[in-house]
Amino acid sequence: MTEAALQFSEDDKIGRVASVDTSRVAIDVTNSVLLTRIGIGQLVAIRGATEREYLIAMTERVTRTLREELPDIDDAGEDGALLAAVPTDLIQAVLIGTFRTVEGGKANTFKRGADSFPQIDRDCFVIEAANLQRFMGILGSGFSEDERLKLGTFVADRSADAIASGDKFFQRHAAILGSTGSGKSWTVALILERAAKLKYPNIIVFDMHA
């Protein structure tokens, strides 16, 4: 029997799907403690149509608002039930792909793009720790050693490497953005050093300030 690369417990559950708008999903957070570890760019798994399928999304907004709600009658004072401020935690994420434990004759596959939209009230889980390491391993498993370009590690888990295809990376447009002193030049230098170790590095660099 195929072992699923993504294995979640109740502690990994961040909430449920509250609304879906094309490629974006709003998640009603039920685990406020786990929310404190969530940052922009965090990966979230949304249970799909079957137990073997998850829709993968990336967080792009985390919000907390206060709404007024009537407390339980048992908690009301002698003056009667008064409105109480109750926090509402929400996560907005954009769908990036579909993970399947089994797809045909293949095991633990990831496909860019969502094959379907998540259903309301579907459970959502944070991808971190061992799950993140295994998931990132799946993304880089299709690259040969000659084209594996290590971009760095993930802030959410420093033990999970961010691997890209060096061949595809330099065939597409890319931008490195940041304020002065944020490390843009250092990042470019690091990428070039690591790319130079690949088998067929064909790179031309133009330094416009030289």
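**Close-up 1. Surroundings of Glu 53.** The side chains of Glu 53 and Arg 100 make a polar contact at 3.1 Å (a pair of N or O atoms within 3.5 Å; within protein, one must be able to donate a hydrogen and the other to accept it, and residues adjacent in sequence count only if both atoms are side-chain atoms). The model is predicted: local features need pLDDT of at least 70, side-chain atom pairs count only at pLDDT 80 or more, and totals for chains, interfaces and linings use all residues. Residues are numbered from 1 along each chain as its sequence is written, and side-chain values use heavy atoms, leaving out hydrogens and water. Glu 53 belongs to strand β4 (residues 53-69), strands being DSSP runs of E with at least two residues and helices runs of H or I with at least four, numbered from the N terminus. With a relative accessible area of 9%, Glu 53 is buried (under 20%; exposed is over 50%, partly exposed in between; 1.4 Å probe, protein chains only).

**Close-up 2. The ring pair of Phe 8 and Tyr 54.** The whole structure holds 4 aromatic pairs (rings of Phe, Tyr and Trp, the latter by its six-membered ring, with centres within 6.5 Å; planes under 30 degrees apart are stacked, over 60 edge-to-face, the rest tilted). The centres of Phe 8 and Tyr 54 lie 5.3 Å apart with planes at 75 degrees, so this pair is edge-to-face. Phe 8 precedes β1 (13-21), whereas Tyr 54 is in strand β4, 46 residues apart. Tyr 54 is buried at 6% relative accessible area.

**Close-up 3. The ring pair of Phe 110 and Phe 135.** This edge-to-face pair has 5.3 Å between centres and 85 degrees between planes. Phe 135, with a relative accessible area of 1%, is buried.
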